[in-house]
Each structure stands twice: as C-alpha cells, then as structure tokens.
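Please brief me on this structure. Keep it short, and group the points by topic.

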Amino acid sequence: MKTLGIIGGMGPLATADLYKKIIDITPATCDQEHLHIVIDSYAQIEDRTKFIMGEGESPLPKLIQSAKLLKNAGCEAMLMACNTAHYFAPSIEKEAGVKILHIAKVTVDALQKKYPHAKNIAVIATSGTKKAGVYDQILKERGLKSVDFSKETQDVIMECIYKGVKAGKLEEYVPVFYEVLSNIEADVYIAGCTEIPMFLPFISSEYKFIDATFELAKAGVEFGLEKRVF
C-alpha cells in the first residue's frame with residue numbers, strides 16, 4: 001500500500017468531498033484496509049483563477065510548499081482538490097520532485113469509457129481552468145470538442161462556485177445552476193471544478209455528468225492499493 005497526499009484547502013469543502021469519496025469507494029472491511037492519506041488543507045493558498053486572469057498573486061510558492069510538506073511526510077503521489085491548480089502541476093512536480101495524479105487526464109479517460117460516442121463536451125469550471133486550457137488540450141488530443149458558451153454564462157457559473165458553494169450558500173444557488181445548465185448544449189458535462197459536484201445531487205439525470213473529483217478519487221485509490229479496482 002502506498003501513501004497519498006492531498007494538497008487541499010482549495011476550498012476546504014472540496015477537499016472534504018474528495019477525501020469522503022476516497023473512503024466511500026475503497027474496498028475496505030476494517031480501518032486498517034483504508035489508505036494512508038495525509039491532507040494539507042492549506043486554505044491560504046492564493047486564488048488560482050485570480051492569478052491566471054491576471055488579478056492576483058501566484059499560488060505556486062504555497063502549492064510547492066504544500067507538496068514538499070507532504071513529500072516529507074512520506075507521500076508517494078499527490079492529489080489536488082482543485083481543477084484549476086492543475087495548471088501549475090508541471091511546475092509543482094519539477095520543483096518539489098513529486099508525482100501528481102492529473103485530474104483532467106483521469107476524467108477524460110473515464111468519460112471516453114462511459115460515453116464512447118460522445119463528441120461535444122461542456123467543461124463546467126472556473127474561468128481560470130477554462131483560460132488555462134486544463135481540459136481543452138486533452139479533449140482536443142482525444143478528438144473531442146470542448147463546447148464554447150458565452151461570457152455571461154461563464155460569469156453565472158463563477159457566481160455559483162464563489163457566491164454559492166465557497167460562501168456556504170449552496171442550496172440558494174441550486175436554481176441558478178440548474179438554469180445556467182439549460183443554456184449549455186452538450187453530449188456530456190464535466191464537473192470540472194471541485195465545487196461543482198456539490199450541485200450534482202440536485203440535478204436531473206437528463207444531464208450526463210462526469211464528476212472529476214470522483215474520477216480523481218478512483219485514481220488515488222488504485223494508486224494507493226497498487227491494483228486495478230474499477
């Protein structure tokens with residue numbers, strides 16, 4: 001069994017969601033069969049989207065600091081409970097000397113396995129993730145199209161993330177999120193921000209979603225157990 005580290009706090013609820021999903025899907029019958037996981041919930045890491053959009057300080061130094069802390073704690077691979085943070089993954093791996101399980105790669109792998117005929121994919125994510133192309137390059141390499149939508153639609157998605165989930169007002173923003181989805185036509189939707197899965201229990205099954213956090217959890221479990229599970 002290998003030790004996993006979670007670079008967390010981006011945000012705290014998303015970190016808890018990732019950890020809970022890991023626990024829920026681990027094929028364990030007692031405490032000792034669960035993974036050894038070290039979590040650094042470093043909520044003071046600067047906002048990833050603000051930096052990418054040219055509006056804030058770089059989160060990279062604190063991301064590297066967190067990765068080094070987890071490496072020194074014996075972690076053999078890292079998970080980041082933030083899609084946008086994966087823009088910095090190559091730099092973190094290089095500077096901290098760690099392995100990061102990439103959320104976009106494992107998510108697109110799962111999407112193609114579950115929906116092999118899907119072509120038009122809507123990435124529901126922060127503006128930072130969209131601008132940085134965290135998913136777009138991988139989708140393009142796989143022959144899939146990332147669906148474009150208006151700035152107004154993206155602004156509402158950002159409100160759902162920041163003023164809804166991050167501000168502790170999830171249920172208040174469920175109708176807003178549902179309405180914005182109705183303006184986006186796609187074969188499959190990727191919950192490409194770790195706050196977005198909080199909305200999914202309230203969303204009709206007519207929308208085919210791939211939960212990126214869940215796919216990252218699965219990858220983490222298989223890495224930790226050193227075997228195929230799913």
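Is N83 buried or exposed? N83 is buried, with a relative accessible area of 1%; buried means under 20% relative accessible area, exposed over 50%, and partly exposed in between, with a 1.4 Å probe and protein chains only. This is a predicted model, in which local features need pLDDT of at least 70, side-chain atom pairs count only at pLDDT 80 or more, and totals for chains, interfaces and linings use all residues. Residues are numbered from 1 along each chain as its sequence is written, and side-chain values use heavy atoms, with hydrogens and water left out.

**Around N83**

- N83 sits in the loop between β3 (77-80) and α4 (89-96). Helices (H or I, at least four residues) and strands (E, at least two) are DSSP runs, numbered from the N terminus.
- Leaving aside neighbours within four places in sequence, N83 is in contact with I103, T129, V134, Y135, G192, C193, T194 and A212. Contact means heavy atoms within 4.5 Å.
- The C-alpha atoms of N83 and A96 are separated by 19 Å, and the two residues are 13 residues apart along the chain.

**Helix packing**

- Two packed helices are described by the angle between their axes and the distance between the axes.
- Helix α5 (residues 103-114) and helix α10 (residues 212-225) pack at an angle of about 100°, with axes 8 Å apart. Axes are lines fitted to C-alpha atoms, for helices over the stretch in contact, and angles run from 0 to 180 degrees between N-to-C directions.
- That angle makes α5 roughly perpendicular to α10. Angles of 65 to 115 degrees count as roughly perpendicular, under 35 as roughly parallel, over 145 as roughly antiparallel and the rest as oblique.
- From α5, I103, V106, T107 and A110 meet A212, T213, E215, L216 and A219 of α10.
- The residues of this contact divide into six nonpolar, two polar and one charged. Ala, Val, Leu, Ile, Met, Phe, Trp, Tyr, Cys and Pro count as nonpolar, Asp, Glu, Lys and Arg as charged, and the others, Gly among them, as polar.

**Aromatic rings**

- Rings of Phe, Tyr and Trp (its six-membered ring) pair if their centres lie within 6.5 Å; planes under 30 degrees apart count as stacked, over 60 as edge-to-face and the rest as tilted. The count comes to six aromatic pairs.
- F177 and F199 are stacked, at 4.5 Å centre to centre and 15° between the planes. F177 lies in helix α9 (residues 170-181) and F199 in the loop between β6 (188-191) and β7 (209-211), so this pair ties together parts that are 22 residues apart in sequence.
- F177 is buried at 0% relative accessible area. F199 is buried at 1%.
- Y178 and Y207 pair edge-to-face, at 5.9 Å centre to centre and 85° between the planes. Y178 is partly exposed at 29%, whereas Y207 is buried at 13%.
- Y178, Y189, Y207 and F209 form one aromatic cluster.
- K166 lies over the face of Y162, at 5.6 Å from the ring centre. A charge sits over a ring if NZ of Lys or CZ of Arg is within 6 Å of the ring centre and within 35 degrees of the ring normal.

**Backbone and loop details**

- Most residues other than glycine have a negative phi, and most peptide bonds are trans.
- The peptide bond from M10 to G11 is cis, with omega near -5°. G11 lies in the loop between β1 (4-8) and α1 (12-25).
- E226 is not a glycine, yet has a positive phi of about 60°. E226 falls in the segment after α10.
- H117, in the loop between α5 and β4 (120-124), is exposed at 72% relative accessible area.
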